[in-house]
Number of protein chains: 2
Amino acid sequence: MILKPSRTTIKEVAAAAGVSTMTVSRVLNERPDVSIETRKRVKKIIEELEYQPSALARSLIQQRSYTLGVVTAGLKHIGPSRTLNGITQMAEEAGYSLLLKELPHYHTNQTAPILQELLSRHVDGIIWAVPEIGDNHDWVNELALPLEIPIVFLTMETRERLTIVSVDNYQGGRLVMEHLLAQGYQQIGHVAGPLDWWEARQRMAAWRDALTERGVVVKDAYWAEGNWSSASGTEAAEKLFAQYPEMDAIFVGNDQMALGVLQVIHKRGLRIPTDIGIVGFDNIPEAAYFYPALTTVHQDQLEVARVAMQEMIQIVACGWQGEEQPVPQSIMISPTLVVRASSLKNL
Amino acid sequence: MILKPSRTTIKEVAAAAGVSTMTVSRVLNERPDVSIETRKRVKKIIEELEYQPSALARSLIQQRSYTLGVVTAGLKHIGPSRTLNGITQMAEEAGYSLLLKELPHYHTNQTAPILQELLSRHVDGIIWAVPEIGDNHDWVNELALPLEIPIVFLTMETRERLTIVSVDNYQGGRLVMEHLLAQGYQQIGHVAGPLDWWEARQRMAAWRDALTERGVVVKDAYWAEGNWSSASGTEAAEKLFAQYPEMDAIFVGNDQMALGVLQVIHKRGLRIPTDIGIVGFDNIPEAAYFYPALTTVHQDQLEVARVAMQEMIQIVACGWQGEEQPVPQSIMISPTLVVRASSLKNL
DNA sequence: CTGAAAGCGCTAACAC
DNA sequence: GTGTTAGCGCTTTCAG
């Protein structure tokens, strides 16, 4: 089969079939009110001419494009790209095309032009898949609320009147702590991600709360802040060992930092998990092959995308049918703990 | 500022400014033939109404959308997402929007519908960023050649009449081998990626050629095939040690498999790089924090994207101006060797 | 310098 | 069942 660009128009098909463009249109849209014969004839011509209707022209007249805008950031990191992977799959399944924008930085005050551009391309909705860091979501009340098309946020702190889908990082942290405590670890330190990240704060809060509930008075010496990189994990671990020598376990804010932590532990000649237990967060593919294999928290990004897409479609459908929109809500997806050798003191 | 969807039309602007839509259009497109006063007045109204022209309507009439289709696969892996990252950056810079499609699998015979859909949305060109595996590019002669819009392929074997941009995997492999030989390693084994991948074959060919040039008769016992995963790296390493005990270095097809290989080496109590040297490929962020830090080959995906976008823009521009198209060519981007502890026998 | 008419490719609304 | 008219939002062409 040879593809031509969609330059064959409905007019040519109509002419070739000896009918009006309207009839061709009806055939294309599988309307019932076309006689069997005409339908057959038109379909044959469509095949022959390899006619492909213009989604652009359709979008224009139907005021609906079946296209969603996706805004992301930090695609070169595994987290955002996993999220995007989930979105592409769900969008495909739902019959939507995606218009992709990647922010140059996590922080950008250029959100208005980006929304403008997506709007100018008549997207039916927007998925904002940029992690919440510092004040990089401060624009939402000003810009997102008045937007007449739906916008669904991923990985953002709960806010009134907005539709948000996030993995429950706090719960993930609690899973880690329950596990470590159940294994008999007592002196649990924490390597936090950068605390301007909402996710890092959630994970840390879980650590702090779990300890506090056990009656531990959490001191500043018990934790150190990293920046998600393995290098920062190394630094943080050195610091922690210096200021908290009794430490017998570390809850590390992500797997990459955990890798850096492991290095420090090996250099110090400590045994894992006997002398010290380690747990990470994210379940990157490599984590199962760290030395030792790393216990970590798995986030189901496909599930996040599925829920986000469901919400989106529901809102779009309601707007389309003139029905009342569902109340915006914040939905949390539960993560799961993947237990491996690095934290299994009791075998 | 409050954004409305782009429902403010050029008509309303024209009415509010007391001019025809044509004049507004001229102002929008910065045409010179509008009086200063009229221009000012129109611009003011545009501001006030927050008017945003419809890119859709423009695309329809101009027969040009300033949109490119991007087809990718395996986004959840770091390689493809890095590539996509480069593409988004370069597209933004060039003023193009991106319509993203992710194939459900690397092998799919559903390429025609995907091209069709992109065409129906009037993309100006297509970037096919799916790695070449088995016969998953066999459709190109049939479908891509007759396409009236340009299509640029990434990471594909050279083919006549097609525009292709790839990292030179063969050269990368040669860099690895030069380095290992220079370090004094003699018995160099290879853990290949899955050999239906073009990239894996290129890397392996470099290994084989380098040894052959040194007068080594390459035996089947000297290599094993993996599937890119750390698990397969472990298996391959076990197999290699069994069938090639004299081995003093391993060139591993990617970093993730190298991680699995490292595990095996540690369990066997061998010292790196004294007893055995290891080199990977890809330079994933974690590689610098493997134990020991991994020597590997870095691929500049941003450069790949830049070159691909340049080619694309050039071809589009020529088609637009009715000029002759440049001759399709296959462009190779040189990778670089990142030397770390895992292969530094001589310090 | 400005506007009127025509039309990009398609479909909603109404005829017949 | 089918065709006609009108128009989505914009720009091209040509008149003035």
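1. A residue counts as buried here if 20 or more other C-beta atoms lie within 10 Å of its own, as exposed if 12 or fewer do, and as partly exposed in between, with C-beta atoms placed from the backbone. By that rule, 48% of the 347 residues in chain A are buried.

2. A quick word on what you're looking at. This is a predicted model, where local features need pLDDT of at least 70 and side-chain atom pairs count only at pLDDT 80 or more, while totals for chains, interfaces and linings use all residues. Residues are numbered from 1 along each chain as its sequence is written, and chains are lettered from A and ligands numbered from 1 in the order in which they are written.

3. Start with chain A as a whole. It has 12 helices and 12 strands (DSSP runs numbered from the N terminus: H or I of at least four residues for helices, E of at least two for strands). Its radius of gyration is 26 Å, well over the 20 Å that the globule rule gives for 347 residues, so chain A is more spread out than a compact globule. (That radius is taken over C-alpha atoms, and the rule is 2.2 Å times the number of residues to the power 0.38.) Along the principal axes, the C-alpha atoms of chain A fill a box of roughly 85 × 45 × 30 Å.

4. How do the two copies relate?

5. Now the place where they touch. 50 residues of chain A are in contact with 50 residues of chain B, contact being C-beta atoms, placed from the backbone, within 7 Å. Helix 5 (78-94) is among the elements of chain A that each supply at least two residues to this side, and helix 5 gives the most, with 6 residues. By class, the side of chain A that touches chain B has 27 nonpolar, 16 polar and 7 charged residues. (Nonpolar means Ala, Val, Leu, Ile, Met, Phe, Trp, Tyr, Cys and Pro; charged means Asp, Glu, Lys and Arg; the others, Gly among them, are polar.) Also, 100% of the interface residues of chain A are interface residues in chain B too, so the copies meet through the same surface.

6. Have a look at strand 2 in both chains. Strand 2 of chain A pairs with strand 2 (residues 97-103) of chain B in the antiparallel sense, over 3 bridges; pairing needs at least two bridges found by DSSP. A:Leu100 has B:Leu98 as its bridge partner.

7. Next, the DNA. Which residues come nearest to DNA strand C? Of the 25 around it, they are A:Ile10, A:Ser25, A:Ser54, A:Ala57 and B:Ile61. For DNA strand D, 25 residues surround it, and the closest are A:Thr38, A:Ile61, B:Ile10, B:Ser25 and B:Ala57. (Near means a C-beta atom, placed from the backbone, within 6 Å.) Helix 4 of chain A gives the most to the surface near DNA strand C, with 5 residues, while helix 4 of chain B has the largest share near DNA strand D, 5 residues. The surface near DNA strand C has 12 nonpolar, 10 polar and 3 charged residues.

8. Strand 3 (residues 125-129) of chain B is worth a stop. 5 of its 5 residues are buried, so this strand is largely enclosed by the rest of the structure. B:Gly125, B:Ile127 and B:Ala129 point one way, and B:Ile126 and B:Trp128 the other. Strand 3 runs parallel to strand 1 (residues 67-73) of chain B, joined by 5 bridges, and pairs in parallel with strand 4 (residues 151-154) over 3 bridges. B:Ile127 is the bridge partner of B:Val70 and also stands opposite B:Val152.

9. Most residues other than glycine have a negative phi, and most peptide bonds are trans. The bond from A:Ile272 to A:Pro273 is cis, with omega near 0°, and A:Pro273 lies in the loop between helix 11 and strand 9 (277-279) of chain A. A:His122 has a positive phi near 60° and counts as buried, with 25 C-beta neighbours inside 10 Å. B:Trp228 has a positive phi of about 85° and is buried too, with 22 other C-beta atoms within 10 Å.

How values were computed
Two residues are in contact if their C-beta atoms, placed from the backbone, lie within 7 Å.
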